[in-house]
Amino acid sequence: MADNSGGNPFLVSPSTGHRASFSLSSMASGAVADEAATRRRAPGAVDGKPEADAGSAFVLESKGTWWHAGFHLTTAMVGPAVLSLPYAFRGIGWGLGLGVLTALGAISFYTYYIMSRVLDHCEAAGRRHIRFRDLAADIFGSGWAFYLVVAVQTAINTGTTIGSILLAANCVEILYSSLRTDGPLKLYHFILLIAVVLALLSQMPSFHSLRYINLGSLLLSLGYTILLSAACIRAGLSSNAPTKDYSLSTSKSEKTFDAFLSVAILAAAYGNGILPEIQATLAPPAAGKMAKALVICYSVASFTFYLPAITGYWAFGKTVRSNAMQSLMLETGPSLAPTWLLGLAVVLVLLQLLAIALLYAQVAYEVMEKMLADPTQGRFSQRNLMPRLALRTIYVAFCAFVAAALPFFGAIVGVIGSVGFIPLDFVIPVVMYNMAVSPPRRSLVYITNFVIMVVFTGVGVIGAIASVRKLVLNAGRFKLFSDHAFN
């Protein structure tokens, strides 16, 4: 197709076959024209049905119910990141901490809801999208915004998988060290162990096949949240409880950076990044089902976010560590919680990390299946089974190698969260809605979306700077292939 626009002929959307670019002015002017939108199609879409490629047929099969989607959403959002919420309060104090946590919860629920409405809008127009990148291609065209979405989602999914492997190995190392203080095994041994387990679990063929694993993940998050919170209450009431100091830094610059880092941590805690892929697992028609799934997710998130944030910050104040569980395990002297309780909590966290790694790896597996599998043959045919076994194992091995080489990757994931989750989950959904649905420019929803876009663009930029600053300050402690993970 010839491009007479004078632009780059290579920037043609793989989804639409049309060249288009995105700018903030397009949002301000009421977004994309309806005539252009009707010409756009999902890859091979016919009467609203996605192209019958192996990625959609095998990995993103649409067979689930709204409660299955709720399990997926909860696993994507509620994880061991809740252990860092007391640390986020450390930078802004009680009042702002609770206020920001509540506001971000309400805003993120809204942005996820309107993203599901955008997907419903496209489906009603005959363009059901089952991938974030296809939705971006439809609305943004092939400009920089499309490639930004693809790059950010890839970084989030791969980074979360690597981080989950590293943290899971760290959990095994903690359990091992408590049993054998001077044992010969090192962190990379445990990373290898986790990689083997994850490679086996990764052979589960589809996103939908994880539904009961993700239900278990939901229950695990409730379990370790209750255990951690009970341990923090016990520690705060004990005779050797740490001094409760809730004061903020006296340095104005330090206080400012701490505040923005805290907001970035709280915002990233609500991160998801794969809502379109989760909505794709719903049996059509999907319209209206994600709202119910979001209610499940946020009911669990409300409990698992507020309880550890409040009890952890109450017990340790400004001395709380970036992982509240580490505040309970003293380097010298007895722990501030019973050993059995901490051990059980670590086991629950370990098991959930496997579920999280599996969930976020699904997008990579879908890409592999779409590129190399044959949809005309069976999912478990030799033609499709052997490449799946090999490629998924190679992907897990790659993530495990990065985790072993960069045991400080947990700190890098914090930066990825700041520069990834905030634009993908707070900024892009409202931009998409204003462009695709085109509400009146003076309507409340349009103005609200525009304000969210501006505010969270600023929060994302400043939060990223604060996260990078913390990374640089701690860089001297980083060591390749270290025997211990850095959190």
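Let's start with the loop between α17 and α18, where Ser 438 lies. Ser 438 is not a glycine, and yet its phi is positive, about 55°. When I say helix, I mean a DSSP run of H or I with at least four residues, numbered from the N terminus.

A word on what we are looking at: this is a predicted model, where local features need pLDDT of at least 70 and side-chain atom pairs count only at pLDDT 80 or more, while totals for chains, interfaces and linings use all residues. Residues are numbered from 1 along each chain as its sequence is written, and side-chain values use heavy atoms, with hydrogens and water left out.

There is another loop to visit, the one between α12 (275-280) and α13 (289-316), which holds Pro 285. The peptide bond from Pro 284 to Pro 285 is cis, and its omega is near 0°.

Now back to α18, and its partner α6. The axes of helix α6 (residues 93-124) and α18 come within 12 Å and cross at roughly 120°. These axes are lines fitted to C-alpha atoms over the stretch in contact, with angles from 0 to 180 degrees between N-to-C directions. α6 and α18 are therefore oblique to each other; angles under 35 degrees count as roughly parallel, over 145 as roughly antiparallel, 65 to 115 as roughly perpendicular, and the rest as oblique. The crossing of α6 and α18 is left-handed, a term for a near helix turned anticlockwise from the far one by less than a right angle, with clockwise giving right-handed.

Who touches whom here? On the α6 side we have Leu 104, Ile 107, Tyr 110, Thr 111 and Ile 114, and on the α18 side Val 445, Thr 448, Asn 449, Ile 452 and Phe 456. Contact means heavy atoms within 4.5 Å. By class, that contact has seven nonpolar, three polar and no charged residues. For the classes, Ala, Val, Leu, Ile, Met, Phe, Trp, Tyr, Cys and Pro are nonpolar, Asp, Glu, Lys and Arg are charged, and the others, Gly among them, are polar.

Next, α8 and α16. The axes of helix α8 (residues 144-179) and helix α16 (residues 382-405) come within 9 Å and cross at roughly 65°, which means α8 is roughly perpendicular to α16. The crossing of α8 and α16 is right-handed. In α8, the residues in contact include Asn 157, Ile 162 and Leu 166, and their counterparts in α16 include Tyr 395, Phe 398 and Cys 399. The α8 contact with α16 has 10 nonpolar, three polar and no charged residues.

α8 also takes part in the second largest pocket, where α8, α17 (409-436) and α18 (444-473) each supply at least two lining residues. The pocket has a volume of about 380 Å³. On a 1 Å grid over the protein atoms alone, a pocket is an open set of points where a 1.4 Å probe fits, with protein on both sides within 12 Å along at least five of seven lines, and lining residues have an atom within 4 Å of a point. The volume is the space filled by probe spheres set on the points, which are joined across faces, edges and corners.

Which helix gives the most to that lining? It is α17, with seven residues. Of the 20 lining residues, the closest to the pocket's centre are Trp 144, Leu 148, Pro 423, Val 427 and Thr 457. By class, this lining has 17 nonpolar, three polar and no charged residues.
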